Amino acid sequence: MKNLKINNRFTSELPADPDETNEIRQVKNTLFSFVYPAKPSNPTLIHASNEVAEMVGITTAEIQSEEFLNAFSGKEILPETRPYAMCYAGHQFGNWAGQLGDGRAINLTEVEHNNTFFTLQLKGAGKTPYSRTADGLAVLRSSIREYLCAEAMYYLGVPTTRSLSLMLSGDQVLRDVLYNGNPAYEKGAIVCRVAPSFIRFGSFEMLTARNELKNLKEFVEYTIKHYFPEIKGEPKEQYIQFFKTVADTTRKMIVDWQRVGFVHGVMNTDNMSIHGLTIDYGPYGWLENYDPNWTPNTTDSQNRRYRFGNQPQVAQWNLYQLANALYPLVNEAEPLEKILESFINDFEIDYKEMFLSKLGLFTSTYTDSNLIEGLESALQLSETDMTIFFRNLGKVTKADAVESSIEKIKDSFYSPEEITGTILDSWKKWFAEYLQRLNEEALSDKDRSEKMNQINPKYVLRNYMAQLAIDDADKGDYSLINELYLLLQKPYNEQPESEKWFAKRPDWARSKVGCSMLSCSS
Ligand code: AMP
Ligand code: MG
């Protein structure tokens, strides 16, 4: 891979763990430990992204090489690199969890391409000092989910880590999917994912919790210097500005999640990227019927902390933890509190603008939220598919009547026979108000519809779609992975040959494991 330009800033500028034994332990006074990936017994490439390869400096021809296979399965180390696992901590489900770290992620190297830096990281490449009680491996099903979803999110315009490659390790991995005492062997897999860095909120929390304040200062300054170079001024001002920037990018990411109906499922502070990127695709899910209370994560089914409608509040809670971590450098609560306090307010402003754009109301200056709140509750009266509803709403014209408008969105109802009586009345009431406002819009029906179609996706990675690709892949057929990968590269386009994926969740997927209930086991 002749154009791959290795340039390791993280390991050359930050303190390394002097202990190079790959044993599970508490690792103090350091940001990372050097480790070697486990050697996979028989790696095979399932899929790779040409776009991501080119982005980091790998040619599409090189993807088929032995060198690519060996490097991104962990079989061989790239020349002039030293892989490492990062040390971080975090709050899980609201509780302090102490040291977590890259338990099954190994950073291969940083590369520089077209003046941009990328970190290439393997997920599922074996144990590290941070593996706690687990094996450091990943199974095929969760790897397919991560690989496909990250790319789908990217093409939806949602900030995310990217996927370079998906490989089978050739080894078997033992997992108890339902945590009910029935472990079984599954195929092991390795994803190479790419991001500017994999620094998390928990990276800073760890240093503060251990009172490693010298490292904290050095690490924050390292992060600002390399990733937020626009931040200038007095050190304290810089730290505050850094926090503000992270709050802003995090807020924008959540607005996008709510726009496309993505539920992360495990918004622990160790799963929050400092770059405001969606990271760590585990038991995530896509809203099918619009239900703000839905969480895909079975571990979260009791408290529903990570439910769709709670994602903005959780983001703010997570930012509080980051603020606490930065506090020893700032020594003043007020500026941090101000940023935190404005988070929900700013979110609501952005959310409203986003929601109105989903409705095609681009020039409106409405100050009330009736239309938004009215729709949010109407969508819950009877199971209504979020993606289909908004996409078909783009077909409603200014000349439509209430009845003909409802006709245009009725495919989104899971039980059309329920749309009678008071439910039908609510929809009629909502559409009457909507049509009135639509008629005040400046854009023509055609222009508005085109704009709406850039905001309301036609195709998302519905939970059952990923599961179908997984079921086929388990049998050695990877064609559906490629089909979905290509489909989801153009989520806003009409793709007549793929109309079958613009459909409500089939009945069999309603309560199937992997479709509506996701386990953290991965
Ligand atoms: P997650 O909830 O997946 O973000 O993981 C929380 C922590 O557990 C992180 O430190 C992970 O690296 C670690 N972890 C998760 N799965 C494994 C695994 N199979 N082997 C080792 N560590 C793991
Ligand atoms: Mg994680």
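Q: Helices here are DSSP runs of H or I with at least four residues, numbered from the N terminus; with that settled, where is M517 found?
A: In this predicted model, M517 is found in the segment that follows α17, the helix spanning 479-487.

Q: Is M517 buried or exposed, or something in between?
A: M517 is partly exposed, its relative accessible area being 36%, and together with L178 and V513 it makes a nonpolar surface patch of about 230 Å².

Q: Switching to the ligands, what coordinates the magnesium ion?
A: The magnesium ion, which is ligand 2, is coordinated by N271 through OD1 and by D280 through OD, at 2.0 to 2.2 Å.

Q: And those two, N271 and D280: buried or exposed?
A: Both N271 and D280 are buried.

Q: How many residues surround ligand 1, and which are the closest?
A: Ligand 1 is surrounded by 16 residues, and the closest are G101, G103, R132, G136 and N271; N271 is also one of the residues that coordinate the magnesium ion.

Q: What lies 2.7 Å from a nitrogen atom of ligand 1?
A: That is a backbone N or O atom of G136, while a backbone N or O atom of L137 lies 3.3 Å from a nitrogen atom of the ligand, and an N or O atom in the side chain of D135 is 3.3 Å from a nitrogen atom of ligand 1.

Q: How much of ligand 1 does the protein bury?
A: Ligand 1 exposes 480 Å² when taken alone, and the protein buries 81% of that area.

Q: New topic, how many salt bridges are there in the whole structure?
A: A search of the whole structure finds 35, and among them is the one between the side chains of R251 and D350, with N to O at 2.8 Å.

Q: Which helices do R251 and D350 lie in?
A: R251 lies in α8 (residues 235-260) and D350 in α10 (residues 333-358), so the pair ties together parts that are 99 residues apart in sequence; R251 counts as buried, at 9% relative accessibility.

Q: What about D256, which residue does it pair with?
A: D256 forms a salt bridge with R259, the closest N and O atoms being 3.0 Å apart, and both residues lie in α8, three residues apart, which is about one turn of the helix. D256 is buried at 15% relative accessibility, as is R259 at 8%.

Methods
Residues are numbered from 1 along each chain as its sequence is written. Chains are lettered from A and ligands numbered from 1 in the order in which they are written. This is a predicted model: local features need pLDDT of at least 70, side-chain atom pairs count only at pLDDT 80 or more; totals for chains, interfaces and linings use all residues. Side-chain values use heavy atoms; hydrogens and water are left out. Donors are N, O and S atoms within 2.8 Å of the metal (3.2 Å for Na, K and Ca); water is not among the atoms, so sites may look incomplete. Buried means under 20% relative accessible area, exposed over 50%, partly exposed in between (1.4 Å probe, protein chains only). Patches are made of residues with over 30% relative accessible area and no salt bridge: like charges are joined within 9 Å, nonpolar side chains (Val, Leu, Ile, Met, Phe, Trp, Tyr) within 5 Å. Accessible areas come from the Shrake-Rupley method with a 1.4 Å probe; for residues, only the protein chains shown count as cover. A salt bridge is a side-chain nitrogen of Lys or Arg within 4 Å of a carboxyl oxygen of Asp or Glu. Helices (H or I, at least four residues) and strands (E, at least two) are DSSP runs, numbered from the N terminus. A residue is near a molecule or strand if one of its heavy atoms lies within 4 Å of it. A polar contact is a pair of N or O atoms within 3.5 Å; within protein, one must be able to donate a hydrogen and the other to accept it, and residues adjacent in sequence count only if both atoms are side-chain atoms.
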